[in-house]
Amino acid sequence: MSSQHFYVITGASGAGKSTLITALDDLGYSTIPEAALAIMREQLECGGEALPATDRTAFMEAVLSRSIQDYEAAQSFHAPVFFDRGIPEWLRFLDPSEPNCQVAARCRYAGTVFVAEPWPEIYVRNHERTASFDRAAKSYGQTVSAYVQENYEICILPKVSVQERVAFILARVGAGAQQIAAADRHPATRAAGG
């Protein structure tokens, strides 16, 4: 499986990825929310145990499974599709011999991955993001490395307004001319929020 119109936006926690995905979604682009956040919210809501602090392996397996489902579902979405994080960064937490890992390894995105660097000026702690900025920034290198190891080109996002980041990404994916207002887009082409 491969799609040259599937773009990952990843990077440091609290660096504006989800805000950027929301802005793209508001413009009518097809987007996929972060699987890890969706799983965490679902597990907390139902009192489940598949959480990073409780059962990290079960949590990562659930995140990987959801990411594969999202990838497959996105095949029918209007291009381009923007993903809030992608499969390579989840694979590093699991045994590569697992069947889902083998399936996931075949799910490729466009060659360029957009990366949000740690940005202390916009970092906010909340009920879902409880770590300090320094702790949140620690995983950044490993996240980027997961994509480099899979031969993706890294494109660092500038530390500018959300609108300027959107324009930056759209210029690089050649989507500016394809922009379709959200009201004109068929709802089945957009992912439901997590």
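This is a predicted model: local features need pLDDT of at least 70, side-chain atom pairs count only at pLDDT 80 or more; totals for chains, interfaces and linings use all residues.
Helices here are DSSP runs of H or I with at least four residues, strands are DSSP runs of E with at least two, and both are numbered from the N terminus.

View A. Is Glu34 buried or exposed? Its relative accessible area is 13%, and buried means under 20%, so Glu34 counts as buried. Leaving aside residues up to four places away in sequence, Glu34 touches Asp84, Arg85 and Trp90. One of these contacts, Arg85, returns in the next view.

**View B. A network of salt bridges links Glu34, Arg85 and Glu89.** The structure holds 4 salt bridges. In one of them, Glu34 pairs with Arg85, and the closest N and O atoms are 3.6 Å apart. Why does this pair tie together separate parts of the chain? Glu34 lies in the loop between strand 2 and helix 2, while Arg85 lies in the loop between strand 3 (81-84) and helix 4 (87-91), so the parts being joined are 51 residues apart in sequence. Arg85 also forms a salt bridge with Glu89, with the closest N and O atoms 2.7 Å apart. Glu34 and Arg85 are both buried, and Glu89 is buried too.

View C. The side chains of Arg108 and Glu150 form a salt bridge, with 3.7 Å from N to O. Glu150 sits in the loop between helix 7 (140-149) and strand 5 (153-156), and Arg108 sits in the loop between helix 5 (99-104) and strand 4, so this pair ties together parts that are 42 residues apart in sequence. How accessible are the two partners? Glu150 counts as partly exposed, at 34% relative accessibility, and Arg108 counts as partly exposed at 25%. Arg108 has a ring to look at as well: it lies over the face of Tyr152, at 4.1 Å from the ring centre. For another example of this arrangement, find Arg172, which lies over the face of Phe168 at 3.6 Å from the ring centre.

**View D. Phe6 and Tyr71, an edge-to-face aromatic pair.** A search of the whole structure finds 11 aromatic pairs. In the pair formed by Phe6 and Tyr71, the ring centres are 5.1 Å apart and the planes make an angle of 80°. Where in the chain do the two residues of this pair lie? Phe6 belongs to strand 1 (residues 6-11) and Tyr71 to helix 3 (residues 56-74), so the pair links distant parts of the chain, 65 residues apart. Both Phe6 and Tyr71 are buried. They also belong to one aromatic cluster with Phe83, Tyr109, Tyr147 and Tyr152.

**View E. Tyr123 and Phe133, another edge-to-face pair.** The ring centres of Tyr123 and Phe133 are 5.6 Å apart and their planes meet at 70°; since planes over 60 degrees apart count as edge-to-face, that is the name for this pair. Tyr123 is in the loop between strand 4 (112-116) and helix 6 (133-138), and Phe133 is in helix 6, so parts 10 residues apart in sequence are tied together. Tyr123 is buried, with a relative accessible area of 12%, whereas Phe133 counts as partly exposed at 23%.

**View F. The buried residues of helix 1 and what they pack against.** Helix 1 (residues 17-26) has these buried residues: Lys17, Leu20, Ile21, Ala23, Leu24 and Asp25. They pack against strand 1, strand 2, strand 3, strand 4 and helix 8 (162-173). Just after helix 1, look for Gly28, which takes a positive phi of about 100°.

**View G. Phe83 in the largest nonpolar core.** This core has 50 residues, and Phe83 is among those with the most contacts inside it, as are Ile9, Leu64, Phe82, Ile87, Phe114 and Ile169. Helix 3 supplies the largest share of the core, 7 residues. Which residues does Phe83 touch? Not counting residues up to four places away in sequence, they include Phe6, Ile9, Ile21, Tyr71 and Tyr109.

How values were computed. Residues are numbered from 1 along each chain as its sequence is written. Side-chain values use heavy atoms; hydrogens and water are left out. Rings of Phe, Tyr and Trp (its six-membered ring) pair if their centres lie within 6.5 Å; planes under 30 degrees apart count as stacked, over 60 as edge-to-face and the rest as tilted. Buried means under 20% relative accessible area, exposed over 50%, partly exposed in between (1.4 Å probe, protein chains only). A charge sits over a ring if NZ of Lys or CZ of Arg is within 6 Å of the ring centre and within 35 degrees of the ring normal. Contact means heavy atoms within 4.5 Å. A nonpolar core is a set of buried Ala, Val, Leu, Ile, Met, Phe, Trp, Tyr and Cys residues joined through side-chain atoms within 4.5 Å.
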